[in-house]
Amino acid sequence: MNAAVAEPISEDLLRRFDVSGPRYTSYPTADRFVEAFSVEDYTQALMLRRSGAAAMTLPLSLYVHIPFCESLCYYCACNKIITKHHDRAAPYLRYLSREVDLHTALLGVGQAVTQLHLGGGTPTFLSDDELRELMAMLRRNFTLAPGGEYSIEVDPRTIDAGRLDTLAELGFNRLSFGVQDFDPEVQKAVHRVQPAEQVFALVEAARQRNFDSINVDLIYGLPRQSPESFDRTLAQVTELRPDRIALYAYAHLPERFKPQRRISTVELPGGSAKVAMLARSMAAFMEAGYVYVGMDHFALPTDALAIAKRQGRLHRNFQGYSTQPDCDLIGLGVSSIGRIGATYSQNAKTLEEYYDYLDQGHFPVVRGLALSRDDLVRRAVIMALMCQGQVSFESIELGYLVDFRNYFASEMEALHKLAEQGLVAVDDSGIQVTDMGWFFVRAVAMVFDRYLQTDRTRAKFSKII
């Protein structure tokens with residue numbers, strides 16, 4: 001796979017693939033989790049990990065969900081609790097510690113961690129002292145390995161240069177700033193007002209403190225946006241020049257996400273305007289020297305993510321693309337998702353239920369999935385497509401003892417149409433996503449999703465663009 005395409009992707013092609021589909025941060029996707037997966041199933045998965053001969057040397061990834069936010073962003077689809085009562089953080093941290101204790105009771109203390117991500121909500125809702133308490137608790141129980149990725153999501157409205165010093169002191173080496181759009185009218189429409197000058201000052205301060213990577217999140221398709229207004233934001237972002245850019249399409253699903261009901265549908269840009277925004281974004285970022293990593297991620301050529309893409313070392317987990325090798329993930333906190341061995345699990349989505357499970361001395365797992373053999377084969381294929389842009393028939397056949405072309409006979413037929421459209425090339429050795437196809441890799445991966453083949457529920461997913 002080349003790092004970028006020679007020519008911009010046309011709006012016509014983007015429009016043709018304007019369909020709903022999963023983001024494949026996992027396969028099967030989280031909407032397939034079932035309540036039949038129990039605390040006992042999760043406990044058994046942890047015990048299987050512990051009993052493995054190389055258990056202590058197998059790295060872990062940690063995700064910690066901090067659900068609190070001071071104010072509501074109308075576009076948000078995350079699990080969050082809106083409150084200005086910062087005293088709610090203290091008991092939450094105590095319960096997080098209990099959840100960690102349950103894990104170390106089974107796994108032992110000192111497991112190596114190569115990736116840590118604090119998400120939310122707003123992780124910087126926590127005070128400096130609370131962040132110190134959280135990180136001290138994690139370090140007491142796990143070993144944060146040198147050279148790992150330790151990242152935190154930052155709301156620019158909750159942080160200043162002094163707090164950046166604290167984050168650096170605590171070992172965070174990657175920051176992700178939620179920007180979404182610099183246009184003041186768009187910010188008002190989504191109830192997230194943050195002047196561009198504030199973000200520029202914070203990014204400059206972060207650079208002075210030598211964070212390894214700075215990411216900026218953007219969203220297109222928000223109310224009051226237009227291709228012309230978003231062009232101005234794109235110009236500001238390329239001037240800001242973060243190491244990474246995540247560009248997401250806004251999915252308006254007010255029936256599922258109550259905050260979105262405050263958004264006026266008449267203020268939302270139409271489909272053609274969204275396509276134009278995406279096409280112009282891609283052109284602007286690549287013209288500015290960014291590498292299209294995949295899906296909605298761009299990175300400077302010197303960033304570790306772009307390097308991993310060039311070297312075929314890209315991986316994907318619940319936080320998106322990563323440079324860290326595929327490994328077990330422990331999800332901590334309300335609504336967090338984890339992966340242990342051939343299982344996925346998710347914690348309780350409300351504080352009350354989360355606290356109740358832990359008060360009883362149980363893991364707060366309320367649903368999940370034990371992957372079948374078919375799930376594992378398809379996961380391998382989908383992740384190879386999503387991360388390396390290619391699938392070797394031989395590697396799948398040796399790893400899973402299947403005859404690829406027979407096992408995936410109907411899928412191979414479906415690929416012919418994508419091959420005719422120039423998105424993939426198929427030969428005797430495997431499947432190769434083309435340079436153009438890399439922009440639509442979700443559409444290629446969807447061909448191998450057995451669950452999509454058996455239902456008609458794609459509307460619950462975001463669109464590919």
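Here's a quick look at one helix and some aromatic contacts in this structure. Keep in mind that the model is predicted. The helix is α2, which covers residues 39-51, and the aromatic side of things runs to 20 pairs in the structure.

**Helix α2**

- With 13 residues, α2 spans 18 Å from its first C-alpha to its last, close to the 18 Å expected at 1.5 Å a residue.
- Tucked away as buried residues of α2 are V39, Y42, T43, A45, L46 and R49.
- Those buried residues line one face of the helix, because they fall within an arc of 160° when you look down the axis of α2.
- Over on the other side of α2, you'll find E40, L48 and S51 exposed.

**Aromatic pairs**

- Y42 pairs edge-to-face with F363, at 5.1 Å centre to centre and 80° between the planes.
- That pair ties together distant parts of the chain: Y42 belongs to helix α2, while F363 sits in the loop between α11 (351-359) and β16 (365-370), 321 residues apart.
- Y42 counts as buried because its relative accessible area is 3%, under the 20% cut-off.
- F363 is buried too, with a relative accessible area of 6%.
- F285 and Y290 make another edge-to-face pair, with 6.1 Å centre to centre and 65° between the planes, and both residues are buried.

**Cluster and charges over rings**

- One aromatic cluster brings together F68, Y92, Y95, F125, Y354 and Y355.
- Y95 also has the charged end of R98 over its ring, 4.5 Å from the centre.
- Likewise, R316 puts its charged end over the ring of Y321, 4.5 Å from the ring's centre.

Note on methods: Residues numbered from 1 in each chain as written. Predicted model: local features only at pLDDT ≥ 70, side-chain atom pairs only at ≥ 80, totals over all residues. Heavy atoms only, no water. Helix = DSSP H or I, 4+ residues; strand = E, 2+ residues; numbered from the N terminus. Expected span 1.5 Å × (residues − 1). Buried < 20%, exposed > 50% of the residue type's maximum accessible area, 1.4 Å probe, protein only. Arc of directions from axis to C-beta. Phe/Tyr/Trp six-rings, centres within 6.5 Å; stacked < 30°, edge-to-face > 60°. Lys NZ or Arg CZ within 6 Å of the ring centre and 35° of its normal.
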